[in-house]
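Subject: Handover of a protein structure

Dear colleague,

Please find below the structure that I am passing on to you. My notes on what was found in it follow directly after.

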Amino acid sequence: MKTAFALTIIASVGTAASASVVVNELVGSTTGADVEFVELYNTGASSVDLTGWTIEFWDSDFGTSGFGSTDGSSPYALGGSIAAGGYWTIANGQAASQIGFVGDASFADNSIENGSYTLVLRDGAANIVSTIFVWDSGADDFANIGGSAVTADVTVGPDGTFLPAGFYRSGDGSDNIVIHNFSDFTDYTPGARNVPAPAGLALAGLGLMAAGRRRR
């Protein structure tokens, strides 16, 4: 890690209500045209108003010209509410055409970097609710917001020699993190209950350690 970019640590300070909302499933890098979506899940006993909430994506490939800049057109605005035990999703056009899913909100194709990136979920007061670092094994890559290091709540990847396609929580809202397949879409369940993890694949929030990266 390069210390010039690691001086500012930004803490998560979301409210108790917003803390009940987790990033439950994410897909951003698949074979061919990329299916991309983010699913949120409300682990709490009450609905949460999503007015003013946003999702940000930050390029985290250190040493590239885009490092520390936003991916796609993020931040993306959320809206409406998420019921207790309910889901909220944002998805691209490829999700509709390839797996027949249309989200509660939409973003353009190729909105998610096919190299290391950081997802940041903020509530309506701009407090950080969650940070997810998806890693392609670059030795100097790190979770960041605008180039300033953050401590990710979850780090996912790499997947063998590739950037992970994404992840899901085995048991909605749980800490059991499972890496998604690139081309087998059968375990992609946006807006619905996640499938159980195959035996031995839950990562419990820890990234797999292996070399290599995948790019668009």
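Predicted model: local features only at pLDDT ≥ 70, side-chain atom pairs only at ≥ 80, totals over all residues.

Helices (H or I, at least four residues) and strands (E, at least two) are DSSP runs, numbered from the N terminus.

Residues are numbered from 1 along each chain as its sequence is written, and side-chain values use heavy atoms, with hydrogens and water left out.

The chain as a whole

Of the 216 residues in the protein chain, 50% are buried (under 20% relative accessible area, whereas exposed means over 50% and partly exposed lies in between; 1.4 Å probe, protein chains only). The accessible surface (Shrake-Rupley method, 1.4 Å probe; for residues, only the protein chains shown count as cover) comes to about 8,700 Å², and carbon and sulfur atoms account for 54% of that surface. A contact means heavy atoms within 4.5 Å. Among contacts between residues at least 6 apart in sequence, 64% join residues at least 24 apart.

The salt bridge

Side chains of opposite charge can pair when their charged atoms come close. A salt bridge is a side-chain nitrogen of Lys or Arg within 4 Å of a carboxyl oxygen of Asp or Glu, and by this rule the count is one. The partners are the side chains of Arg122 and Glu56, at 2.6 Å from N to O. They link distant parts of the chain, since Arg122 belongs to strand S9 (residues 117-122) and Glu56 to strand S4 (residues 54-59), 66 residues apart. Arg122 is buried, at 18% relative accessible area, and Glu56 is buried as well, at 8%.

Two further residues

Val23 is part of strand S1 (residues 21-27) and is buried, with 0% relative accessibility. Leaving aside residues up to four places away in sequence, Val23 touches several residues, including Val38, Leu119, Ile132 and Phe167. The C-alpha atoms of Val23 and Thr89 are 9.8 Å apart, and the two residues are separated by 66 residues in sequence.

Ser18 sits in the segment before S1 and is buried, at 2% relative accessibility.

Yours sincerely
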